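Colleague: I have a few questions about this one. Can we go through the structure together?

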Amino acid sequence: MKQFLWDLPVRHKMTIIVMVTASTVLTISYVFFITNFWLNSREQLVTSSHTLMKAVSINTTAALVFDDEITAEELLNTFSANKNIEYAVLRQINGDPFAEYRSTSSVVVTKSTQNRLAPELSTKSENGEWSYEFFDDYLELEQLIKEKGRFIGSLSIRVSLGSYKKMMNQWMMFGLFVLAALLLVGYFISSRLQKVILKPIDNLIHTMRAVAEVNDYSRRLADNSTDEFGVMVKGFNTMIGQIQERDEALKYARDLAQEANHSKSRFLATMSHEIRTPMNGVLGMSELLLSSELTDEQRVYTETIHRSGRSLLSIINDILDYSKIEAGQLKLESIPFNLYTQIEEVMHLLGETVSGKKLAISHQFDPDFSGQMAGDPLRIKQILMNLIGNALKFTQVGRVNVKASALLLQDSPFLRIEVQDSGPGISPEAKEKIFESFSQEDSSITRKYGGTGLGLAICQQLIDLMGGEIGVQSVEGKGSVFWFELPLNKSVEGGKTLLKGSRVLVIKERENVESNLFQLLIEWGAELTVATSASDAENKIHDAVSLQKSFNLIILDHCGHGRELSRFIHSLNYRYGQLATKFMVVTSTALPVIRLPEYVHVIRDVDGYIRPSSFLDQLCKILAVEEKVNIIPSTAINEDVQQLSKYQGHILLVEDNIVNQKVAIGLIRLMGCTMDIAQNGLEAIEKWRTHSYDLILMDIEMPVMDGITATTSIRNEEKHQELPATPIVAVTANAMDGDRELYLSQGMDDYLSKPFSRHSLHQMLNHWLKESSHDSLKGTEKQALDLPELSNIDTLQLKSMYDLVDENGLPLLNTLISIYTENSRQIIDDLAIAIEQRNLEEGRRLAHALKSSSGTVGLNKVHELSREIEHQCRFSQLDKLNELYRALIDANTAALKSLKDFT
C-alpha cells in the first residue's frame with residue numbers, strides 16, 4: 001500500500017492529502033455536533049415532560065386528599081395532549097395505584113411496572129421530589145406529591161422515545177449530507193488551487209521529456225517567481241544550458257573524429273590502390289619471366305624479385321589490416337568452412353620454408369570434430385599463417401606441430417588450436433609485450449629475423465573481434481606454444497556423425513588403402529561394405545538394390561588397369577545410375593595417366609596416405625550435390641598443371657595502365673585465351689556492342705568513364721535488348737572492406753584484387769570459362785568429324801566411347817544404344833500413365849531414370865527435358881508437365897533416329 005501511494009502522481013497525492021485532512025476535520029466536527037445535539041435534546045425532553053407532569057401533580061393533590069378518583073382520572077387524561085406520553089399512574093402514599101391514564105397506542109403495563117416506586121429510578125432531582133430514567137424505547141419520570149409538607153402520593157409517567165429517535169436520525173442524515181457537500185466543495189476548490197503548484201511541475205516534466213526524447217537542449221522554462229519552484233526552474237535551466245554546451249562540444253569533437261576517420265579511410269584506399277598497382281606490375285612481370293626460358297642466374301634473380309615483391313605485399317597487407325582494425329572498419333564474415341583444410345593449406349604453403357632445416361612439421365586433428373565450422377576463413381587463415389610462419393621461421397631444428405581440438409560443451413563449445421615448436425623460446429620480459437604493436441622479441445639492429453612486429457598484434461585483435469582468446473606458453477631455450485581459442489556454433493557436428501546413414505561400397509585391390517581410408521569412413525559414421533573384386537562388388541550392389549538399400553557411393557581403387565576400370569564404371573553407372581549412386585576413384589601419384597568420365601570423382605594418395613580434410617571435403621560434395629551425368633573426356637589423373645590451366649574463351653580487358661595490360665595479356669595468353677583491350681569504360685561499351693566476349697575484366701578507376709558506370713550501361717542494354725548477360729569481373733587495386741560488396745551490387749559478377757597471381761587468375765577463369773571452353777571444344781570437334789547436324793546429341797561424347805568395348809569384346813556404344821532404345825520407349829510409356837494418374841512420385845522416378853540413361857549416351861535435349869520433368873514432379877508443379885512430356889516424346893524420337901548413325 002505504501003509503495004502504491006509513492007507511485008501515485010503528485011496531483012493525486014495532493015488531492016488525497018487535502019481530502020483526508022478535510023474529511024478528518026469535518027468528521028470530528030460532525031461527531032461533536034451530533035453528540036451535543038443528542039445531549040441537549042435529551043435534556044429538553046426531560047424538562048418538558050417534567051413540567052407537564054408537575055402541573056398535573058399539583059392539580060391532583062385535592063383529589064388524593066378527598067379521595068376523588070373521578071377527578072383524578074380526568075386530570076390524568078390531560079396527558080393526551082402529548083402524544084408521546086403512553087402511560088401515567090397516580091399512586092397513594094402506600095404505593096397503590098389511585099388513578100391511571102393510557103394512550104390509545106400504549107403498551108400493556110404490567111403489575112410490576114405499576115408497583116415500581118420512585119426510588120427505583122436512576123436519576124433524581126436535587127431536592128429529591130422527582131426522578132427520571134431512560135430505557136431503550138421510553139423515558140420514565142416520577143413526581144412526589146406533598147400536602148402541607150407531607151407526602152401524600154406520587155405521579156409517574158412513561159414517555160415514548162419513537163419521535164425523539166426519528167428526530168435524531170433525521171439530524172444525523174442531514175449532518176452526513178452537509179458533510180458530503182462540504183467535501184465536494186473542498187475537492188472542487190482544491191483541484192482548482194492545485195494548478196498553482198502543479199503547473200510549474202507539469203511544465204518542468206514536459207520540458208524534461210522533450211529534452212530526453214528529441215535531444216532538444218535549447219528548451220528553457222519561463223518562471224519569474226522567487227519561491228522554491230522558481231529556484232528549481234532556475235537550476236534546471238542552468239543545468240540544461242551546461243549540457244547543451246557540452247553536447248555541442250562533443251558533436252564538434254565527433255565531427256572532427258569522423259572527418260579524420262574518413263580522411264584516414266580515403267588515405268588507406270588511395271595508398272592501397274597506388275601501391276598495389278605498381279606491385280601488380282612487379283609480381284606479374286616476374287611471374288611471366290619465371291614462365292619463360294631463363295638461365296640459372298637469371299632465374300635466381302627473378303625469383304629474388306618475386307619473393308621480395310611478395311614480402312613487400314605481405315607487409316603492406318599487414319599495415320592495411322592493422323589500420324582497418326584501429327579504425328573499426330574491419331568486418332568479419334560468417335560462412336561455413338573446414339578448419340582442417342585451412343590448416344593443411346597453410347602448412348603446404350609454408351612448407352617450402354623448411355628446406356635446408358632439420359625440421360619436421362606435423363598436425364594433430366581431433367577425431368571427434370569434423371572441422372566444419374562457421375566463421376571468417378580468410379582471417380583464420382591469416383592467423384594461422386602468422387603463428388605457423390613464426391614457428392617455422394624461428395625454429396631451426398626439431399619439430400613444429402599444429403594441434404586442433406574441440407571441446408563440444410552443451411552450453412559453450414569452443415575450439416582450441418596450438419602451434420607447438422622446439423625453437424629458442426621467449427624470455428619472460430618479451431612474453432609480456434609479445435602481442436603489442438610493433439613489438440618483437442629481438443628488436444636490436446643486429447637481430448637475425450625480420451618483420452614489422454604487427455603479426456601477433458593483428459592476430460590478437462582479430463581473435464578479440466571473433467570473441468576468442470590468444471596466449472603463449474614458453475620456456476626460454478625449450479620452445480613455445482602459441483594457442484588461441486574461438487567459440488563454436490552450438491549446432492556444430494562432430495566428425496564421427498558427419499556421414500551417418502551414408503552407405504559406401506569400397507572395392508579395394510591394394511592392401512595399403514585399407515589402413516587409412518577404412519578408418520576414416522568408420523570414424524565419420526558411414527555404413528561401410530567392402531568388396532575384393534569386380535564380381536564381388538556386382539553381387540553386393542545387386543543384393544543392396546534388392547533390399548532397397550542401394551549404395552550412395554562406390555569407391556574404387558585404381559592400381560594401373562585404366563581401360564578396365566573405365567569400362568567397369570560405365571557399366572555400373574548405366575545399370576544403377578538411376579539410383580543416384582556416385583563414384584570415386586582412389587589413385588596414386590605414381591600410377592600412369594588414365595581418362596575417366598566427368599561424373600567420376602578422383603582423389604589421390606601419397607604413399608597410401610589420404611589427407612583427411614581433402615577426403616572429407618570430396619565426400620561432402622559428392623553426397624550433397626546431385627551431379628549431371630555426362631560422359632565426356634575428363635581431366636586426366638596426374639595431368640600437368642599447366643595443361644589444366646588451358647582455356648578457350650574470348651576476353652575483353654578494360655584497363656588504362658600499360659603495365660597492368662602487359663601483365664594481364666601475358667598471364668591470360670599462358671592460359672590459352674584470346675583477348676581485346678579497352679582503355680576506358682566508354683571504349684569497352686563500344687567493343688562489347690560489336691564483339692562477343694565470354695568474359696570482361698573491368699578495372700574500376702579509369703579516365704573518360706569508370707568501370708562501375710560502364711557496367712551499369714552494359715547491364716541496362718542487356719536488359720532492354722533481352723541479351724544474355726556477359727560475366728563482368730571487377731579487377732581493382734582497391735582492397736578496403738565493402739569494395740567487393742559495392743562492385744557486386746552494381747551488377748558485376750566477381751572480384752579480383754590487384755596484384756593478382758597466376759593462381760588467383762586461374763581460379764577465376766576456371767569458374768567463368770568452364771562452360772564456354774567445353775562449348776568451344778564441342779564446336780571444334782563437330783567440324784572435324786564432319787557429322788550431320790544433330791542439335792540434341794553430344795557427338796563429342798559419343799565419339800569418346802568408340803574405343804570402349806564390353807566384356808565380350810564388342811563395341812560398348814552399340815550395346816548402350818540398343819539398351820537405351822528399348823528402355824527409353826518403355827519408360828516414356830510408363831511416364832504417360834504416371835502423369836495421367838497424377839502419380840508424381842512414380843513420374844519423378846521414371847524421369848530420373850531417363851535423365852540418367854540419356855545423359856550416359858549424350859542425348860542433351862532428352863536429358864534436360866527429363867531433368868525438368870523430374871523437378872516438376874518433385875515439387876508438384878503440374879502447369880507445364882503435359883507440355884514437357886510432349887516435347888520429351890519429340891526429342892526422344894529425333895534422338896533415336898540420330899543414334900542410328902552411330903551404330
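**A serine in a helix, then the sheet and the cores**

Modeller: Start with a polar pair: the side chain of Ser-824 has a polar atom 3.4 Å from the backbone oxygen of Thr-821. Keep in mind that this is a predicted model.

Colleague: Where does Ser-824 lie?

Modeller: Ser-824 is part of helix α26, which covers residues 812-836.

Colleague: Is Ser-824 buried or exposed, and why?

Modeller: Ser-824 is buried, because its relative accessible area is 1% and the cut-off for buried is under 20%.

Colleague: Which residues is Ser-824 in contact with, leaving aside neighbours within four places in sequence?

Modeller: Those are Leu-850, Asn-892 and Leu-896.

Colleague: Now the other serine. Where is Ser-753 found, and how accessible?

Modeller: Ser-753 sits in strand β23, residues 750-753. Ser-753 counts as partly exposed because its relative accessibility is 22%, and that class lies between 20% and 50%. The C-alpha atom of Ser-753 is 5.4 Å from that of Thr-732, although the two residues are 21 apart along the chain.

Colleague: Change of topic. What is the strand order in the open sheet of five strands?

Modeller: The order is β8-β10-β11-β13-β12, and the pairing is mixed. β8 and β12 are the edge strands; each has a single partner, so one side of each has no neighbour in the sheet. On average, neighbouring strands of this sheet are turned by 10 degrees against each other, ignoring direction.

Colleague: How many bridges join β10 to β11?

Modeller: Eight, and these two strands run antiparallel. Asn-401, for instance, stands opposite Gln-420 in β11.

Colleague: Which strands does α10 lie across?

Modeller: α10 lies across β8, β10 and β11, and runs at about 175 degrees to β8.

Colleague: And the largest nonpolar core, which residues there touch the most other members?

Modeller: That core has 43 residues, and the ones touching the most other members are Leu-339, Ile-343, Ile-388, Ile-417 and Phe-484. Elements that each supply at least two residues include α10, α11, β8, β10 and β11. α11 gives the most, with seven residues.

Colleague: What does Ile-388 touch?

Modeller: Not counting residues up to four places away in sequence, Ile-388 touches Val-346, Met-347, Leu-350, Val-402 and Val-419.

Colleague: How many residues are in the other core?

Modeller: There are 30 residues in that core, which lies apart from the largest one, and Leu-865, Leu-881, Ala-895 and Leu-896 are among them.

Note on methods. Residues numbered from 1 in each chain as written. Predicted model: local features only at pLDDT ≥ 70, side-chain atom pairs only at ≥ 80, totals over all residues. Heavy atoms only, no water. Helix = DSSP H or I, 4+ residues; strand = E, 2+ residues; numbered from the N terminus. Buried < 20%, exposed > 50% of the residue type's maximum accessible area, 1.4 Å probe, protein only. Polar contact = N/O pair within 3.5 Å; in protein donor to acceptor, adjacent residues only side chain to side chain. Contact = heavy atoms within 4.5 Å. Core = buried A, V, L, I, M, F, W, Y, C linked by side-chain atoms within 4.5 Å. Pairing = 2+ DSSP bridges. Axes fitted to C-alpha atoms, helices over the stretch in contact; angles between N-to-C directions.
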